[in-house]
Amino acid sequence: MSQHHVVVGAGPVGRHVAALLAGRGEHVTVITRSGRDTGLEAVGHVALDASGADALTRATEGASVLYNCANPGNYTQWEQTWPPLAASLLAAAERTGAVYAITGNLYPYGPVDGPMHPGLPDAATDHKGVLRAKLWGDALAAHDAGRVRAVEVRASDYVGPGIGGNGHITRVLPAALQGKAVSMIGRTDLPHTFTDVLDVARTLVAAAEDESTHGRTWMVPSNAPRSQEQALTEMLASAGKPPVTVRRLPAGMLRALGIVSPMMREIAQMGYQWTAPYVIDDTESRTRFGIEPTPWDEVCRRTIAGLDA
């Protein structure tokens, strides 16, 4: 008998989660403000402001899992957008008894010395990292108090279809495919983990279903780290295109631009991700869930093919 799953957010992760669940015959409802159609067969779509706890609770009644795949794209609005949204999601999960499965990121760790793994403390000092750490902390506190069953999976920078300008690689791919020189943030020669959105969805679904994994965070299995330039060059090669010139945008330049651009100021705060190696240790997740990352050559092909998704 199929179960009901509610997915909040129709970005790349939300669409992949919905597709995985629908593909095995589950009843899936995708919630967005606009109610836009994801194009997925047998998936329901509801127009709803998920920051309203009462309305979200009604939409989640009877669901086995509530997936938080929301991703407010404008960093400058996070302080206004995330707290009421996260509080509503947590309240809906608590009221309905649905498992609360959260799509997280690496921001809570802040700058690190060595690979990131779930045993590291959430020690961010920038406001976006502190905010994301608090959102997980609130969910964990509710879990530990027995009010909700919560789990969070954390991924590095996304690759795969549908990422567009929000991805460090996909942001420059359209120009690079035309043979144009591109600019990338910080050091372009340092090892950096990139995570396929399909693997985020696979891990999120697996974690939601395994009650023994709840109450903690898990890393999404990801391919071996690559430098920004290497990742871009391999993406181009998968499309039969030659390498392009890659220029560096120093962190200092981003800070200078931040004087007049609030968005650049927000991006500059995350500059530490591109001035030192930024890699994850996903050993524990691979062992626990039996998930291996999508092969890198396939990731490259999917990313190129999905640029317009």
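How much of the chain over residues 7-218 is helix and how much is strand, and how far apart are the end C-alpha atoms?

1. Basis. This is a predicted model: local features need pLDDT of at least 70, side-chain atom pairs count only at pLDDT 80 or more, and totals for chains, interfaces and linings use all residues. Residues are numbered from 1 along each chain as its sequence is written, and side-chain values use heavy atoms, with hydrogens and water left out.

2. Annotated region. Residues 7-218 are 35% helix and 20% strand, with the end C-alpha atoms 19 Å apart. UniProt lists this range as "domain: NAD-dependent epimerase/dehydratase", in an unreviewed entry. Such annotations may be inferred rather than shown by experiment.

3. Whole chain. The protein chain has 11 helices and 11 strands (DSSP runs: H or I of at least four residues, E of at least two, numbered from the N terminus). Its radius of gyration, 19 Å, is close to the 19 Å of the globule rule for 309 residues, so the chain is as compact as a globular protein of that length. The radius is taken over C-alpha atoms; the rule is 2.2 Å times the number of residues to the power 0.38.

4. Helix pair. The axes of α1 (residues 12-23) and α6 (residues 197-209) come within 8 Å and cross at roughly 55°. Axes are lines fitted to C-alpha atoms over the stretch in contact, and angles run from 0 to 180 degrees between N-to-C directions.

5. Contact. Heavy atoms within 4.5 Å count as contact. From α1 come P12, V13, H16, V17, L20 and L21; from α6, V197, L198, V200, A201, R202, L204 and V205.
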